[in-house]
Amino acid sequence: MATVNETTAVEIENQQPEQGARGIVKRKPVFVKVGDLKPGTNGHTLAVKVLTATTVLDKKSRNSSSFSSRPGAANTRIAECLIGDETGTILFTARNDQVDLMKAGNTVIIRNAKIDMFKGSMRLAVDKWGRIEVTEPASFTVKEDNNLSLVEYELVNVAE
């Protein structure tokens with residue numbers, strides 16, 4: 001005879017929609033356009049072309065044989081990449097392994113990106129929870145005269 005808990009678990013299992021490997025329900029990605037990005041937002045999925053990629057930091061570790069604060073901290077690379085789609089462009093900050101994917105001319109899909117504010121302007125970034133993948137070349141032409149990173153924002157405190 002099945003207990004109440006076993007019965008409800010089976011019933012619940014049968015009612016769940018299609019699930020991933022760990023029982024997590026995955027939702028379909030919602031692609032956003034560069035022109036729709038706003039400060040302080042995150043979780044963006046975009047399909048963009050890389051226009052330029054400029055390395056701003058390529059720091060090798062001081063001594064690879066010495067112990068480090070974290071494993072695999074051999075060197076740090078940061079590149080600023082101008083990316084865009086048919087609605088506009090924005091600067092993307094690529095870090096370490098991401099630099100290799102963000103080559104000028106590539107079309108990439110950026111998942112779970114966030115907007116960072118740097119000196120009052122927006123930058124797009126992907127942390128450890130996000131993902132970048134190179135895809136087949138896109139058919140759109142990039143609207144280069146709408147660079148969202150050139151717009152300066154100011155933090156204003158609103159008194160209640």
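Start by selecting Met 117, Val 151 and Tyr 153, which make a nonpolar surface patch of about 250 Å². Patches consist of residues with over 30% relative accessible area and no salt bridge, with like charges joined within 9 Å and nonpolar side chains (Val, Leu, Ile, Met, Phe, Trp, Tyr) within 5 Å. A salt bridge is a side-chain nitrogen of Lys or Arg within 4 Å of a carboxyl oxygen of Asp or Glu. Accessible areas come from the Shrake-Rupley method with a 1.4 Å probe, and for residues only the protein chains shown count as cover.

The model is predicted: local features need pLDDT of at least 70, side-chain atom pairs count only at pLDDT 80 or more, and totals for chains, interfaces and linings use all residues. Residues are numbered from 1 along each chain as its sequence is written, and side-chain values use heavy atoms, with hydrogens and water left out.

Stay on Met 117, which is in strand β4. Strands (E, at least two residues) and helices (H or I, at least four) are DSSP runs, numbered from the N terminus. Met 117 counts as partly exposed because its relative accessibility is 40%; buried means under 20% relative accessible area, exposed over 50%, and partly exposed in between (1.4 Å probe, protein chains only).

Next, select Lys 119, in the loop between β4 and β5. Lys 119 is not a glycine, yet has a positive phi of about 55°. With a relative accessible area of 72%, Lys 119 is exposed.

Then go to Asn 96, in the loop between β3 and α2 (98–101). Asn 96 also is not a glycine and has a positive phi, of about 50°. Its relative accessibility is 30%, so Asn 96 counts as partly exposed.

Now turn to the largest nonpolar core, which has 22 residues; Ile 83, Ile 90, Phe 92, Met 102, Ile 110 and Leu 124 touch the most other members. Such a core is a set of buried Ala, Val, Leu, Ile, Met, Phe, Trp, Tyr and Cys residues joined through side-chain atoms within 4.5 Å. Two or more residues each come from β1 (42–60), β2 (75–85), β3 (88–95), β4 (107–118) and β5 (121–125). The most come from β4, with 4 residues.

Finish at Ala 138, in the segment after β6 (131–135). Ala 138 is partly exposed, at 23% relative accessible area. Leaving out residues up to four places away in sequence, Ala 138 touches Lys 49 and Thr 107. The C-alpha atoms of Ala 138 and Val 108 are 8.9 Å apart, with 30 residues separating the two along the chain.

Note on methods: Contact = heavy atoms within 4.5 Å.
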